[in-house]
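Here is a short report on one protein model. Look first at the fold, then at the contacts inside it.

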Amino acid sequence: MSDFDIQVPAAFDPFADAKAEDSGAGSKEYVHIRVQQRNGRKSLTTVQGLKKEFSYNKILKDLKKEFCCNGTVVQDPELGQVIQLQGDQRKNVSTFLVQAGIVKKEHIKMHGF
């Protein structure tokens, strides 16, 4: 038996199932709601993955009016259009999108701390 007959097990990848499940940040079947920490106590909520036939500006206008916060629509070359809102609005945005009938609850993924 030579030294080359020994089989080394493959390295374990703990994120293999996550990569298979999410085929990237801009996967089309899920709406991703994330929070990003800015400086100090400030934070930013981003919403991506909405269908292209929706008017992002109208959704943003309703979100801003409902939650009394400011926001904008940003065009990202990889992710497409992304809605940004001031503050941690993850739960509020999630319930708003479900109640408005824009997306089903099982198609929303919330990320963040």
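Rings of Phe, Tyr and Trp (its six-membered ring) count as a pair if their centres lie within 6.5 Å, and planes over 60 degrees apart make the pair edge-to-face. The model is predicted. By that criterion, the structure holds 1 aromatic pair. The partners are F67 and F96, in an edge-to-face arrangement. Their centres are 6.1 Å apart, with 75° between the planes. F67 belongs to helix α2 and F96 to helix α3, so the pair ties together parts that are 29 residues apart in sequence. F67 has 18% relative accessibility and counts as buried. F96 is buried too, with a relative accessible area of 16%.

**The sheet**

Strands of a sheet pair through backbone hydrogen bonds, either parallel or antiparallel. Here an open sheet of 5 strands runs in the order β3-β4-β2-β1-β5, and the pairing is mixed. β3 (71–76) and β5 stand at the edges. Each has a single partner strand, so one side of each is left without a neighbour in the sheet. From one strand to the next, the twist averages 25°.

| Strands | Sense | Bridges |
|---|---|---|
| β3 and β4 | antiparallel | 6 bridges |
| β1 and β2 | antiparallel | 6 bridges |
| β1 and β5 | parallel | 3 bridges |

G71 stands opposite L85 in β4. Q37 faces S43 in β2. V31 is opposite I108 in β5. The hairpin of β1 and β2 has 5 residues between the strands. In that hairpin, G40 takes a positive phi near 70°.

Which residues of α3 (residues 90–99) are buried? They are R90, V93, S94, F96 and L97. Seen down the axis of α3, the buried residues fall within an arc of 165°, so they line one face of the helix. K91 and Q99, on the other side of α3, are exposed. The cover over the buried residues of α3 includes β1 (31–37), β2 (43–48), α2 (56–67), β4 (80–86) and β5 (108–110). F96 is thus both one of the buried residues of α3 and a member of the aromatic pair. After α3 comes G101, whose phi is positive, near 80°.

**T45**

T45 lies in strand β2. Is T45 buried or exposed? At 0% relative accessibility, T45 counts as buried, because the cut-off for buried is under 20% relative accessible area.

The side chain of T45 has polar partners in the backbone. The side chain reaches the backbone oxygen of G87 at 2.4 Å. A polar atom of the T45 side chain also lies 2.9 Å from the backbone nitrogen of Q89.

What else is T45 in contact with, leaving aside its neighbours within four places in sequence? The contacts include I33, R34 and V35. I83, Q84 and L85 are also among them. G87, D88, Q89 and R90 complete the list. R90 is also one of the buried residues of α3, and L85 in β4 is the residue that G71 stands opposite.

Technical notes:
Residues are numbered from 1 along each chain as its sequence is written. Side-chain values use heavy atoms; hydrogens and water are left out. Buried means under 20% relative accessible area, exposed over 50%, partly exposed in between (1.4 Å probe, protein chains only). Helices (H or I, at least four residues) and strands (E, at least two) are DSSP runs, numbered from the N terminus. The arc is that of the directions from the helix axis to the C-beta atoms. Contact means heavy atoms within 4.5 Å. Two strands pair if DSSP finds at least two bridges between them. Axes are lines fitted to C-alpha atoms, for helices over the stretch in contact, and angles run from 0 to 180 degrees between N-to-C directions. A polar contact is a pair of N or O atoms within 3.5 Å; within protein, one must be able to donate a hydrogen and the other to accept it, and residues adjacent in sequence count only if both atoms are side-chain atoms. Rings of Phe, Tyr and Trp (its six-membered ring) pair if their centres lie within 6.5 Å; planes under 30 degrees apart count as stacked, over 60 as edge-to-face and the rest as tilted.
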